[in-house]
Amino acid sequence: MSLDAISGVTSVSASGAPEPIASSAAAGPTAAQAAPFSAVLQRHLDAPRRDISGIRSEIAAIRAGAPFWRQSAPREGGAPGTGSASMAALDLYGTASSYTLPPRTGDVADPYGWRSTSRDLAERIIGPGYGDLFERQMDQESGFIPDVVFGKRVSSAGAEGIAQLMPQYYQHVDRTDPVAGLTAGAQTMRHYLTVWDGDVRKALASYNAGLGRVQSLVDAHGANWEAGLPLETRHYLGAIVGGATPTFTGVTAAATTPASTSAAVFGGRGPGGVLSSPLEGVTGRRSTATGVDFFGAAGAIVTAPSDGVTVEAGGGRVVLDHGNGWLSALDGLASTVGVGTNVRRGEAVGSLGAGGLLRLGVTSGGEVVDPARYLLDVD
């Protein structure tokens, strides 16, 4: 088909405004009609090519672990420092043109108090022990950067605010209000943790890549579901909770503080998370003011309720360090493994004593928490 046979086609002028191309019925050919087909086609493709090139750059930056608003080089056509031509269209999302920063807290690491607010809200909304995890997650989402927090910068997908919420799903949330955004983000994480029986990695992946995509990957690949995640989501998980296999360091028999770990996150639920029953052949269970009691036959195998390292063993007691300030204590054993033993969830740590009663206690940062809320196999 010749170009002269096409009518009503628009081109883009040097200023970016659409220009109608005269139809073949007009008297005399226009400059566009007289031009070779390849030249006109090239002109129509220039802008999309620039956009595609910019998008590829943004994707490359995301794959390298940096959100696009942290890029220094703008895409062609974008305002300096924005990182994307789409930044010029922020008003499409109803973002504020200006904002007033809250008073500084005096804390260099948390000048506006958003980090502490994220921790506090997570502890109340998601559950005890989730504060640090949620803070790291929000750091990945927005970096607590004021321009992002107040909606002056949005992601390439259109996500807004401190928790990077999509407008179409959070229409009734003021996404430029840090507290409202953090509250909605924490409620979303609580929902995903409920859906995934407390599995932190799947909940985080759902926040980043979408619940439907994660569900499809789990259905298709089972335990190997993470292999099918987008690279961005794998970087996201790695930055927040580390690799899929937790590691523990710095544990000694005389340790008075929990072991630090860069790869493990427990939070009651994490890579080694969701507490499993620590006793084989349980005949009964009851909750107490300080923990959960399990009843069984003397000599029954006692197992680790989650991945960890033994920091205390002997005298009928085993204490496991699960990382990030989480400890579990098992009392009522007849025999135990030694101090410093790395154990995975379900591995034996001893046998049940003659009394047939095993008591499980859990602490987070030295504070007693109720193990019942974290037990996966609820009776």
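**Close-up views of helix packing, core and loops**

**View 1. Helices H3 and H4 in a predicted model.** H3 passes H4 in a right-handed crossing, where a crossing is left-handed if the near helix is turned anticlockwise from the far one by less than a right angle, and right-handed if clockwise. The model shown is predicted, so that local features need pLDDT of at least 70 and side-chain atom pairs count only at pLDDT 80 or more, while totals for chains, interfaces and linings use all residues. Residues are numbered from 1 along each chain as its sequence is written, and side-chain values use heavy atoms, with hydrogens and water left out. Helix H3 (residues 114-125) packs against helix H4 (residues 131-142) at an angle of about 130°, the axes being 8 Å apart; axes are lines fitted to C-alpha atoms, for helices over the stretch in contact, and angles run from 0 to 180 degrees between N-to-C directions. H3 is therefore oblique to H4, given that angles under 35 degrees count as roughly parallel, over 145 as roughly antiparallel, 65 to 115 as roughly perpendicular and the rest as oblique. From H3, Arg115, Ser118, Arg119, Ala122 and Glu123 meet Gly131, Asp132, Phe134, Glu135, Met138 and Asp139 of H4, a contact meaning heavy atoms within 4.5 Å. By class, the residues of this contact are 3 nonpolar, 2 polar and 6 charged, with Ala, Val, Leu, Ile, Met, Phe, Trp, Tyr, Cys and Pro counted as nonpolar, Asp, Glu, Lys and Arg as charged, and the others, Gly among them, as polar.

**View 2. Helices H4 and H6.** The axes of H4 and H6 lie 12 Å apart at an angle of about 115°, and their crossing is right-handed. Phe134, Gln137 and Met138 of H4 meet Leu182, Gly185, Ala186 and Met189 of H6, in a contact that has 5 nonpolar, 2 polar and no charged residues. Apart from its neighbours within four places in sequence, Phe134 is in contact with Ser118, Ala122, Ile126, Leu182, Gly185, Ala186 and Met189.

**View 3. The largest nonpolar core.** This core has 59 residues, among which Ile126, Tyr130, Phe134, Leu204, Tyr207, Val302 and Leu358 touch the most other members. Helix H6 (residues 178-195) gives the most to the core, with 6 residues. A nonpolar core is here a set of buried Ala, Val, Leu, Ile, Met, Phe, Trp, Tyr and Cys residues joined through side-chain atoms within 4.5 Å, and buried means under 20% relative accessible area, exposed over 50% and partly exposed in between (1.4 Å probe, protein chains only).

**View 4. Helices H7 and H9.** Helix H7 (residues 200-209) and helix H9 (residues 231-241) have axes that come within 10 Å and cross at roughly 130°, and the two are therefore oblique to each other. The contact joins Val200, Arg201, Leu204, Ala205, Tyr207, Asn208 and Ala209 in H7 to Glu232, Thr233, Tyr236, Leu237, Ile240 and Val241 in H9, and its residues divide into 9 nonpolar, 2 polar and 2 charged.

**View 5. Two loop residues with positive phi.** Phe144, in the loop between H4 and helix H5 (146-149), has a positive phi of about 55° although it is not a glycine, and at 9% relative accessibility Phe144 counts as buried. Gln164, in the loop between H5 and H6, has a positive phi near 50° and is buried, with a relative accessible area of 9%. Helices (H or I, at least four residues) and strands (E, at least two) are DSSP runs, numbered from the N terminus.
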